[in-house]
Amino acid sequence: MSEQREQRVLDALEENRRRPPKFTAPRIDMSHGAGGKATHKLIEGLLLPTLSNPALAPLTDAALIPFGDNNLALTTDSYVVRPLVFPGGSIGELAVNGTVNDLAVSGATPVGLSAALIIEEGLETEVLAHEVEAMAAAAGHAGVSIVTGDTKVVERGKGDGLYVVTTGAGVADPELSLSSASVRPGDKILCSGTLGDHGAAILIARGDLELEAEVLSDTRSLIPLVQALKETAGSGLRFMRDPTRGGVGTVLNELARDSGFGVVLWEERLPIRDVVHGACEILGIDPLYVANEGKLLAVVAPEVADGALEALRRVEGGEEAEIIGEVREEPARMVLMHTGFGGTRMIDMLVGDPLPRIC
Amino acid sequence: MKYVDEFRNADIARAVAAEIASITDSGRHYKIMEVCGGHTHTIYRHGIKDLLPDQVELVHGPGCPVCVLPMGRVDEGIGIAERPEVIFTCFGDMMRVPGSRGNLLEVKAEGADIRMVYSPLDALRIARENPDREVVFYAIGFETTAPSTALTLQRAKKEGIENFSVFCNHVTIVPPVRALLDSPDLRLDAFIGPGHVSTVVGCRPYEFMSEDYDKPCVVAGFEPLDLLQSILMLMRQLDEGRCEVENQYSRIVPWEGNLQALKSMAEVFELRPYFEWRGLGFIAQSALKLSPAYADFDAELRYSTPGVRVADPKACQCGEVLKGVLKPPECKVFGTACTPERPLGALMVSSEGACAAYYNFGRKSFEKVEIGSK
């Protein structure tokens with residue numbers, strides 16, 4: 001086949017990819033909630049065109065709204081985890097940390113949170129009280145208060161005990177310009193610690209797999225880590241994200257796509273606990289797509305990278321930080337990993353849920 | 001991680017790669033097919049093609065059991081799953097395989113009771129716990145998973161569990177390989193034999209490849225060093241002009257296979273006269289159905305599945321891509337009627353299928369990548 005014809009096919013694919021996605025599924029299925037390609041389609045194909053506005057358009061972790069001389073940062077998230085209490089944390093703590101972290105990685109200082117509790121009929125009061133206490137403790141730790149809220153009770157069978165929705169408001173740091181547009185080839189990619197701990201802890205805690213392993217969720221506030229980065233990297237801090245659902249693999253694909261540059265990773269630099277590695281190996285899932293709830297992914301200028309790494313490692317929760325990769329001109333809009341085995345592998349965005357393989 | 005990391009050692013990999021390079025004839029092009037989908041996964045995941053000389057090309061074979069299921073069989077499974085009395089159980093990666101009007105994930109969203117299991121024994125447990133419901137297990141896979149289905153059915157029969165049945169889609173590995181070997185335009189030099197299938201069937205079933213078709217075959221394990229070593233073993237055979245079946249995975253695979261598993265399979269299953277493969281058409285004696293002794297557990301009989309055939313569009317050229325005759329973008333429906341979202345052919349279903357990989361990563365899915373410094 002001629003080179004030209006192959007190029008024509010590739011160009012047509014590329015043009016297709018650049019077109020805004022259409023949402024064609026007749027119903028919502030579980031893959032639309034997994035944080036990968038189907039979730040993107042739902043957001044960009046159905047929600048974004050209808051709600052379109054400049055603050056929403058960049059689809060960052062928190063929206064920045066001009067307010068007086070400052071930018072107000074606003075974010076919201078809903079928590080539907082089962083079981084409610086898992087090794088290393090619980091839904092209340094997760095709901096506060098998650099929203100605080102969305103503000104923190106947007107370069108904002110939280111000023112207040114709201115919390116809505118959707119409670120299933122029959123939930124034991126003791127369980128609810130434990131979660132409210134966990135929320136208060138996490139908020140106190142992050143130096144922010146839950147200043148407003150709402151409660152609703154739904155009939156038995158209409159909820160998994162408790163759903164929590166939190167919204168956070170913060171003031172954005174005017175010194176920072178965090179965006180995929182600030183990223184340049186040569187920039188380094190930092191990860192604040194081990195990958196996949198939260199997702200692995202939840203999978204194991206559900207008990208369906210009959211795996212016995214000690215894995216704790218990593219849920220924590222990222223404020224101290226972000227603070228350390230701001231202080232050492234200054235204007236060399238280009239981009240930060242909180243790699244939750246969809247994992248590091250999905251966030252880096254978004255970065256590659258939005259910046260137009262390539263992302264290159266080194267597998268041997270990826271911090272992964274042995275036990276998480278082992279559980280993922282048995283289940284046939286990839287730690288790159290497993291959720292984190294207390295990890296920071298940051299892109300910094302090369303000249304400040306080593307200092308930023310040292311600073312992260314001095315903060316509690318950042319001891320195992322690594323420079324896991326860098327931004328390159330090529331392969332444009334793709335993520336490539338150098339494997340520990342000596343080869344390379346293209347890292348795609350997560351498609352659907354990370355389902356176990358049979359073969 | 002012990003017993004895994006040892007098989008991923010980059011220093012040993014470099015040494016094996018250097019040995020492969022040293023016996024590669026620079027004027028020759030080698031096409032080696034890995035038959036098994038698990039091997040394809042390892043090759044992608046560890047980037048094995050980057051360690052091979054330019055002259056050595058790996059061709060991904062037909063051995064992904066979910067990818068080769070034809071749309072008609074997916075549709076029939078969905079038909080059973082939609083019955084109100086049924087709890088439908090299947091492996092996770094079956095959930096996304098497209099039929100002619102959607103996949104199991106979408107049918108679940110419409111209200112069908114579909115549950116993901118890790119073993120057919122879990123499906124049997126669900127049947128015990130729900131005596132007022134009908135539990136159906138969607139059995140898929142090569143000889144790797146067939147023994148666990150056989151064992152589950154033996155147990156169901158012994159315990160007299162009547163609300164359990166199996167929709168059997170087990171396939172066998174040798175017939176599609178023979179079909180490939182029989183095609184006149186085949187351009188393959190050697191085969192990497194499937195490891196897990198061989199733990200059950202042994203190495204003897206592949207002897208026809210070397211004896212009748214003059215193609216070397218090495219049964220390989222699933223860690224990256226296993227694959228690299230088996231490629232070296234194949235290259236040595238080609239270099240020395242030998243043509244044999246060899247067993248690289250001898251730490252797991254007995255030459256004669258697992259006789260107990262084969263005995264269970266022989267009791268529970270019998271060969272179908274023919275079975276359809278997505279993109280490859282009908283292949284004689286290439287799949288299993290339940291034997292008459294287990295007819296009471298056969299979901300095809302219990303629900304009188306109509307045996308509908310959803311025709312592959314004429315333009316689908318999976319067979320040609322598999323045989324190494326065409327590259328993915330040369331197929332007439334590539335990227336238009338056949339996409340990862342709406343796959344027609346087997347090679348577009350899994351993200352590791354040759355066509356899906358080309359769709360997502362373009363030439364980079366074939367090219368070697370210059371690594372550069374850290």
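Which side chain does that of B:Glu110 meet in a salt bridge? It is the side chain of A:Arg27, at 4.0 Å, N to O. A salt bridge here is a side-chain nitrogen of Lys or Arg within 4 Å of a carboxyl oxygen of Asp or Glu. Side chains of opposite charge can pair when their charged atoms come close.

Some ground rules. This is a predicted model: local features need pLDDT of at least 70, side-chain atom pairs count only at pLDDT 80 or more, and totals for chains, interfaces and linings use all residues. Residues are numbered from 1 along each chain as its sequence is written, chains are lettered from A and ligands numbered from 1 in the order in which they are written, and side-chain values use heavy atoms, with hydrogens and water left out.

Let's stay at the interface. On chain A, 49 residues are in contact with 55 residues of chain B. Contact means heavy atoms within 4.5 Å. The two chains bury about 4,700 Å² between them, and 59% of that is on carbon and sulfur atoms. Buried area is the accessible area (1.4 Å probe) that two parts lose on being put together, summed over both. The size of an interface is often given this way.

Between chain A and chain B the count is three salt bridges. Four residue pairs across the interface are in polar contact, both residues at pLDDT 80 or more. A polar contact is a pair of N or O atoms within 3.5 Å; within protein, one must be able to donate a hydrogen and the other to accept it, and residues adjacent in sequence count only if both atoms are side-chain atoms.

Which elements of chain A give two or more residues to the side that touches chain B? They are α1 (3-18), α2 (37-51), α8 (274-283), β13 (335-338) and β14 (344-347) of chain A. The largest share, eight residues, comes from α1(A). By class, this side of chain A has 20 nonpolar, 11 polar and 18 charged residues. Ala, Val, Leu, Ile, Met, Phe, Trp, Tyr, Cys and Pro count as nonpolar, Asp, Glu, Lys and Arg as charged, and the others, Gly among them, as polar.

A word on labels. Helices (H or I, at least four residues) and strands (E, at least two) are DSSP runs, numbered from the N terminus. Two strands pair if DSSP finds at least two bridges between them.

Now the sheets of chain B. One is an open sheet of five strands, in the order β2-β1-β7-β8-β9, with parallel pairing. Its edge strands are β2 (56-63) and β9 (245-247) of chain B, and each pairs on one side only. Neighbouring strands are turned by 20 degrees against each other on average, direction ignored. Axes are lines fitted to C-alpha atoms, for helices over the stretch in contact, and angles run from 0 to 180 degrees between N-to-C directions.

Look at β1 (residues 30-36) of chain B. Six bridges join β1(B) to β2(B), in parallel. There, B:Ile32 stands opposite B:Leu58. Across this sheet lies helix α10 (residues 224-240) of chain B, running at about 150 degrees to β7(B).

Next, an open sheet of four strands in chain B. The order is β4-β3-β5-β6, again with parallel pairing. Why is one side of β4 (114-116) and of β6 (164-170) of chain B left without a neighbour in the sheet? Each stands at an edge with a single partner strand, so one side has no neighbour. Four bridges pair β3 (residues 86-90) of chain B with β5 (residues 134-141) of chain B. Helix α6(B) lies across β5 and β6 of chain B.

B:Gln154 is in that helix, α6 (residues 146-159) of chain B. A polar contact of 3.3 Å joins its side chain to that of B:Ser264.

Last stop, chain A. The whole structure has 44 salt bridges over all chains. One joins A:Asp61 and A:Arg241, at 3.1 Å, N to O. The two residues are 180 residues apart, with A:Arg241 in strand β9 (residues 237-241) of chain A.

Most residues other than glycine have a negative phi, and most peptide bonds are trans. Yet the bond from A:Arg82 to A:Pro83 is cis, with omega near 0 degrees. And A:Leu59 has a positive phi, near 50 degrees.
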